[in-house]
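Biologist: Please open the model; I would like to go through the sheet and then the interface.
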Protein chains: 2
Amino acid sequence: MSLKPPFFSRRVLLAAFAVFTLLLPCIGARAQTDPLPSWGDGPAKKAIVDLVKTTTDKASPHFVPPEARIATFDQDGTTWVEHPIYTQVVYCLELVPTVVKTRPELKNVEPFKTVLSGDREAIAKLSMKDLEKIAAVTLFGMTVDEFRADVEKWISTAKHPRWDRLYTELTYQPMLEVMRYLRANDFKTYIVTGGGQDFVRTYSYRVYGIPPDQVVGTAGGVKYGYDKSGKPILTKEPRLLLNDNFAGKPEGIHLEIGARPVIAFGNSTGDREMLEYTKAGDGARLALLVLHDDAAREYAYGPAQGLPDTKVGTFTQALYDEAKKNAWSIISMKNDWRKIFAFER
Amino acid sequence: MSLKPPFFSRRVLLAAFAVFTLLLPCIGARAQTDPLPSWGDGPAKKAIVDLVKTTTDKASPHFVPPEARIATFDQDGTTWVEHPIYTQVVYCLELVPTVVKTRPELKNVEPFKTVLSGDREAIAKLSMKDLEKIAAVTLFGMTVDEFRADVEKWISTAKHPRWDRLYTELTYQPMLEVMRYLRANDFKTYIVTGGGQDFVRTYSYRVYGIPPDQVVGTAGGVKYGYDKSGKPILTKEPRLLLNDNFAGKPEGIHLEIGARPVIAFGNSTGDREMLEYTKAGDGARLALLVLHDDAAREYAYGPAQGLPDTKVGTFTQALYDEAKKNAWSIISMKNDWRKIFAFER
């Protein structure tokens, strides 16, 4: 091809360059690569992609307007590791020495005495009642700002013993990709967790890209008042407003979201009602359950593992059967996830 | 200026046209007209525009990242007419005949008998206890879907007696402009109302462009269960979770938003704590109170009117003094709003 100089005058080149630069984002969007690279090409990935296509295509009978595109994610066992013990429980246990410093009267009182002993076996045997006593002094009584500062400090340094990594690094890469993929398709993504709403909100935006108001969780009341200098404060009270587990999940979704999810992710019986409620809506809806079946890369527990259910993340055989019967999708960590954590090579 | 044909070759023209078309949105943004045309150039408008500028300019010491740009609006008396009686109370009263049809045992029982009589004077004298009895049968006991359908049906036809217009037409045009202006500057806008959360959510997106999850209001619990066909339902229970008035406003903001507002609008003592909490935050914060001082175009009540406070929208002299002392902005409907309703010429 011969180029004649007048054909490519400086003006034409500048104009063409400007057009090219301005069109770059469009070109990028067209040449888009797989939005879910950590997912294997199995039925779970297909179900997610199909749901997004059918609800965002204006010509589809299942089209959902952007303002009604709601996606909810359980957290523990669904978006990050919940084994061998919920991260928030670790937080409470590890905060006990600090609390005892300001409240020395607790030092020789159970269950605090056991926690301070550092005896892991004894700590693992603490009852639900003991844990509630520990929660009462570590989760309530302080201002919401103090609580946030305490959690931020802890979560930026505390590590999971198996991987020796921050808990926030133990989020599942495939789920982070799904969240981004859904948001790119104008879905609003929410965490709907049995964990503490205030706890998860401290890191949800940084870790999941989910702002505090899109975190629904177990929540206690707060009391408005004033500190000694007259500045308004909100104090965390041991008064349960929402137990965001089981039936509490759709109830919490109604309270804080006010619309039914189009797609919902869970991993245990605590998510059953949320998935059931999601699927009972009109049009196309998708419910998914994460199955922990990869002891090598993460953990294996629940049905079809030949292993008993563990205390946490109870994915029972009954739940598995219900999922199969109602066409909920099962996400096999072993088969559906090429990569589990971002730090994997 | 002489135009030489080769200078404007077809290629140059096409390229220039393409560039021009692609740049149109930018040009439009620069030539942008006043985003608040219904506002007079007074101190209230200036305070709003200054707040937006200082919190969205990256070079400003008061810059707020987009995810923390929270704007909250009270509803009754702040974004729509609350006189002579709250719209939701009108809804409850007007629903009584329908309720009595299915529950005839209420027909001769007070306060339902009075409501059915249609005697306006007697109805106006109903006590708070009477109104609670009416609320109990009109706001609770049905599923959330049934309630939504009832409200949608009513609000699409019921009219305000003074203007003979739909209640949703009696929203304040200047406030709708502020909401759009804030959203255009990446603020997230919320209704924080003493009214029923479920009630306001039925029309909030259509009327204010605010989706259900950004409506915080007085809220009762719901109970998850199943209808006769086994379909999951959520039933509204007469169990108060959040009284979103006074101290309940910052408490509700914490529960459902989880972050402190940067800017908050109210009009009565019920908004006092929300404004106080907003202003107590770091950096630039703005609190504003709507003063109803325009009897000709809307109503005049509250301080500086020489009129006694009315039952609703109690803007007391004490609140006015507190606002002045703490540099909260007063929005005078008479002086600050060129236009109150969209239907005005």
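Modeller: A definition to begin with: two strands pair if DSSP finds at least two bridges between them, and strands (E, at least two residues) and helices (H or I, at least four) are DSSP runs numbered from the N terminus. This is a predicted model, in which local features need pLDDT of at least 70 and side-chain atom pairs pLDDT 80 or more, while totals for chains, interfaces and linings use all residues. Residues are numbered from 1 along each chain as its sequence is written, chains are lettered from A in the order in which they are written, and side-chain values use heavy atoms, without hydrogens and water.
Biologist: In which sense do β4 and β5 of chain A pair?
Modeller: β4 (residues 188–196) and β5 (residues 215–226) of chain A are parallel, over four bridges. Thr193(A) is opposite Gly217(A) in β5(A).
Biologist: And what is the strand order of the open sheet in chain A?
Modeller: Its seven strands run β6-β5-β4-β1-β7-β8-β9, with mixed pairing. β6 (232–242) and β9 (329–332) of chain A are the edges, each with a single partner strand, so one side of each lacks a neighbour in the sheet.
Biologist: Turning to the interface, how many residues of chain B are in contact with chain A?
Modeller: 45 residues of chain B contact 45 residues of chain A (contact: heavy atoms within 4.5 Å).
Biologist: How many salt bridges are there between chain B and chain A?
Modeller: There are four, a salt bridge being a side-chain nitrogen of Lys or Arg within 4 Å of a carboxyl oxygen of Asp or Glu. One salt bridge joins Lys188(A) and Asp213(B), at 3.1 Å, N to O.
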